[in-house]
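Morning, everyone. I'll walk you through one structure today, so please have the viewer open.

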Amino acid sequence: MRHEVRFSGFGGQGIILSAVILGRAAVMHDNKFAVQTQVYGPEARGGASMSAVIIDDAPILFPKVANPDIYVIMSQEGFEKYGVDAGKEAVMLVDSTRVYSRPQCRYIEIPATREAKQTLGRDIVANIVMLGALVASTQVVSEAALEKAILDSVPKGTEALNQRAMKKGIELAAGSTHP
Amino acid sequence: MTQIEFWQGNTACAEGALAAGCRFFGGYPITPSTEIAEHMALKLPKKNGVFIQMEDEIAGIASVIGASWTGARAMTATSGPGFSLMMENIGYAAMTETPCVIVNVQRGGPSTGQPTMGAQGDMMQCRFGSHGDYSVIALCPASVQEMYELTVKAFNLSDEYRVPVFLMADEIVGHMREKIVVPDSVPYVSRKELVRGMPPFRVDIDLIPGFPQFGKGYGVHVTGLTHDERGYPCATNPKLHEALVKRLVNKIESARHTIANYEILNPDANQVFIAYGAPVRTVQQVMHDHPDKNIGFLRLRTVWPFAEFALKEFKNAKRFLVPELNLGQIAREIERYVDIPVISLPKLGGDLHTPAELLAALEVPQ
């Protein structure tokens, strides 16, 4: 089953790292195939940033995301640029601290930045909160694979913080409403 | 033990180079190839190798040529604007028969164009960009796996044929991350050594001179001027010049059956795609989604020397369709060899052809 996941937010939130972690979880720990791509450009610092991952059980031929079925949106500008056209069949996780618009498709509100800041003490891990919520609500990779990929990818000394961020995301997804 | 990784194409290229024994990188970073230089800068010193950032790309390729003459496997990596700057010394490498690997992660041109967007606009430049007649070898990867494997192959071909070998990648394969199976060892082809007492540019039946080993007492004159078999300038002898240039071309062109690396699918098909680099992935998707359509495919990993004999394998072909991220550079090369229509499917701007676009091209009445 092919899944196309699109991440968007602003430069500095770890949008690209989120996609790399998800792809890594699929390939290195779930024995699947994945392709990760991203938009490069001067907007990378502060402007809308976008990255995408395709995950499949079979080798991936066409490597570009055409029609995402899963969105992770972490800024209002990111929503307007990369989320607003989401198809009706898609599901979107929005960081409700930063995104005030809502899509036509099914969506899940995760107050990731608020929780990262208030509960975990560092808003930098908001992207990991979103990853935890993403995996809990879509099972696009296993939680065990995600955890391993996070630990592979984050700076030494921040492992515990990032594990807490992932668990927080899983918890928020479980408690969220699905309008 | 092979190892599974989730690597970016540019990382795979650098790791392939290291596995092939590359121990010198000289160059100047440029998007979208920069990660290759970064990775080599990180890894080469730990393998007793040398990484040097030169003042520009002309100096980058010059340092690579010098390193190669010491016997080292040497490479550089760049993109369009840097590639243009390198052309002078690429001709020098061809004339002096210096093994070297030049990676071009192609971006939209001309000029500085689109630094962050993929293209295949330098395919003719890599074949003909420096002045005078000569031949080269160019390989085109379509995946992260091939960024690794074809980099290894580039070093082996370069040492075997004593010629600059180009890895003509593009931003799409250079920047995407995907699954790669890293082998625990890679094939290694050594340079043929110069036989002691032989003039350094005298050739055998293979048209390739032996390489004098650095530090073993050979006094060799290396010059871009037309030279005799001793390596001495001899620039006013018409016959000698003609023989030298023809040999530089023939040592590659006469070996093209051996060098050529391609794949043929559905040779009985009426409609046949020909692709290299990233557009291969779109063709594969279309073939996967429409097995009923009996689509033929000539998938090139080696673009230069051009494997024109592979075209003859498609005996029932009514037309060739050639998706490229340029305005038909290789389509025109194919036209030289066939009598049936060659449909160029150009795409500029940085996006890959979509499967729907290629499907639509198949539906256009013949």
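Leave aside the neighbours within four places in sequence, and B:Gly109 is in contact with B:Gly80, B:Ala119 and B:Gly121. Keep in mind that this is a predicted model.

Where does B:Gly109 sit? Find the loop between β5 (100-108) and β6 (114-118) of chain B; that is its place. Now look at one of those contacts, B:Ala119. B:Gly109 and B:Ala119 are 10 residues apart in sequence. In space, C-alpha to C-alpha, they are 7.9 Å apart.

Next, the domains of chain B. The assignment gives domain 1 (3-182) and domain 2 (263-363). Their C-alpha centres lie 26 Å apart. How many residues make the contact? Domain 1 of chain B brings 24 residues, and domain 2 of chain B brings 20.

Stay on the domain 1 side of that contact. β6, α5 (123-128), β7 (137-139), β8 (164-170) and α7 (171-175) of chain B each supply at least two residues. The largest share comes from α5(B), with four residues. By class, this side divides into 16 nonpolar, six polar and two charged residues.

Now the core. The largest nonpolar core has 156 residues. Which members touch the most other members? They are A:Val129, A:Met130, A:Ala133 and B:Ile137.

Take A:Val129 as a case. Set aside residues up to four places away in sequence. Among the residues that A:Val129 then touches are A:Ile110, A:Ala112, A:Ala165 and A:Leu172. The list also includes charged residues, A:Glu115 and A:Lys168.

Last stop, the contact between the chains. Chain A gives 18 residues and chain B gives 16. On the chain A side, α1 (15-29) and β2 (33-38) each supply at least two residues. That side has 12 nonpolar, four polar and two charged residues.

Zoom in on β2(A). Two bridges join it to strand β9 (residues 177-182) of chain B. The two strands run antiparallel. Which residue of β9(B) is the bridge partner of A:Val35? It is B:Glu178.

That's the tour. Over to you.

Terms used: Residues are numbered from 1 along each chain as its sequence is written. Chains are lettered from A and ligands numbered from 1 in the order in which they are written. This is a predicted model: local features need pLDDT of at least 70, side-chain atom pairs count only at pLDDT 80 or more; totals for chains, interfaces and linings use all residues. Two residues are in contact if their C-beta atoms, placed from the backbone, lie within 7 Å. Two strands pair if DSSP finds at least two bridges between them. A nonpolar core is a set of buried Ala, Val, Leu, Ile, Met, Phe, Trp, Tyr and Cys residues joined through C-beta atoms within 7 Å. A residue is buried if 20 or more other C-beta atoms lie within 10 Å of its own, exposed if 12 or fewer, and partly exposed in between; C-beta atoms are placed from the backbone. Domain bounds come from an automatic or database domain assignment.
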